[in-house]
Amino acid sequence: MGFRTLEISHAAEIHIKEGQLEITTDDGIAVVPIEDLNQIMVHGANIRLSTMDLSILSQNKVALMTLDDRYLPTAIVLPFEGHARQSKLMHAQINTTHEKYMELWIDIIKQKISNQSRALSIMGLDGAERIAEHVATVDEENVDYCESLAAKEYFAYYHEGFNRRSENPINSRLNYGYAVVRSAIARKLVATGFHPTFGIHHDNQLNAFNLADDLIEPYRAIVDLVVHNNIASNIQLTKSERRELAYVLHNACIVDGVKVNIMSAIDIMVESLKRIILDASTEKLKLPMILPIESMEGITE
């Protein structure tokens, strides 16, 4: 499985030759083995590659994501056929009961709020105990309200006067970091045989990645930690800032009592979801508990 995140933000010609991704820019030619790639992040003008190259990337399970000028995802190219049991798993997704999905969603939101509390503590900010109080109140009747209230309070502690809907340097960094994690989750879902449109909770008919948007929730606080260490005044991110944010996939966390990096945590989580959905496993969805920033494996651009 690939381990590298490649970011392309300047005019470039991209070709694939003998298993190598060849990127030609004004600065010269860079070559990357396709087998090393996990995903490619693309934003900017005059970046060109052929439909055949896109097909080869998909065959090798390399996700390609395009971003807009606010670093929000606009498209993700993923393999159409991801797994031998794809049809069976997709049918299982459709037939899973509302009660089971609600149980999963409650677990996801509890872990999201717990990680927000831990993030504030790790960053040395106020509010960790207050946010943690919301975990015990989450149930089927108020899960969305608790998530919304906890998020509002959390971001108030995270940065004074911060608004997630405005265009500012913090949101530029959060958007980019979230996009990196979202793409990695979408890639793993498709490779495992899930249809990412069919969500646990999100059900926007215009969103092809509802399931990825469900599963990213406990990982957001990990991105928040990285961004908090890299806040600056510029809205447009520099190459070094984007590289730092891409490192999020290799930060450490705890899953099922084991210390792993985020990329491995995503693999573990999606495989556990498959067992729950396809095999009616009674296990709990394996979700990450965040840790202070620590890279467990390098990422190269």
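The structure holds 1 cavity of 30 Å³ or more. On a 1 Å grid over the protein atoms alone, a cavity is a set of points where a 1.4 Å probe fits but cannot get out, whereas a pocket is an open set with protein on both sides within 12 Å along at least five of seven lines. Lining residues have an atom within 4 Å of a point. Grid points are joined across faces, edges and corners, and a volume is the space filled by probe spheres set on the points. This is a predicted model, in which local features need pLDDT of at least 70 and side-chain atom pairs count only at pLDDT 80 or more, while totals for chains, interfaces and linings use all residues. Residues are numbered from 1 along each chain as its sequence is written, and side-chain values use heavy atoms, with hydrogens and water left out.

The largest cavity contains about 40 Å³ of space. Its lining consists of Asn-38, Ala-184, Arg-187, Lys-188, Met-263, Ile-266 and Asp-267. By class, this lining has 3 nonpolar, 1 polar and 3 charged residues; Ala, Val, Leu, Ile, Met, Phe, Trp, Tyr, Cys and Pro count as nonpolar, Asp, Glu, Lys and Arg as charged, and the others, Gly among them, as polar. At least two lining residues come from each of helix H6 (169-192) and helix H10 (262-278). Helices (H or I, at least four residues) and strands (E, at least two) are DSSP runs, numbered from the N terminus.

The largest pocket has a volume of about 840 Å³. Of the 30 residues that line this pocket, Leu-72, Arg-164, Asn-175, Tyr-178 and Arg-220 are the closest to its centre. Strand S8 (73-77), helix H5 (143-158) and H6 each give two or more residues to the lining, and H6 gives the most, with 6 residues.

The second largest pocket has a volume of about 420 Å³. Among its 19 lining residues, Glu-7, His-10, Ile-23, Thr-25 and Lys-239 lie nearest the centre. The lining of this second pocket has 8 nonpolar, 4 polar and 7 charged residues.

The expected span of a helix is 1.5 Å times one less than its number of residues. For the 17 residues of H10 this gives 24 Å, and the end C-alpha atoms are 24 Å apart, so the two values agree. H10 is followed by Ala-280, whose phi is positive, near 55 degrees.
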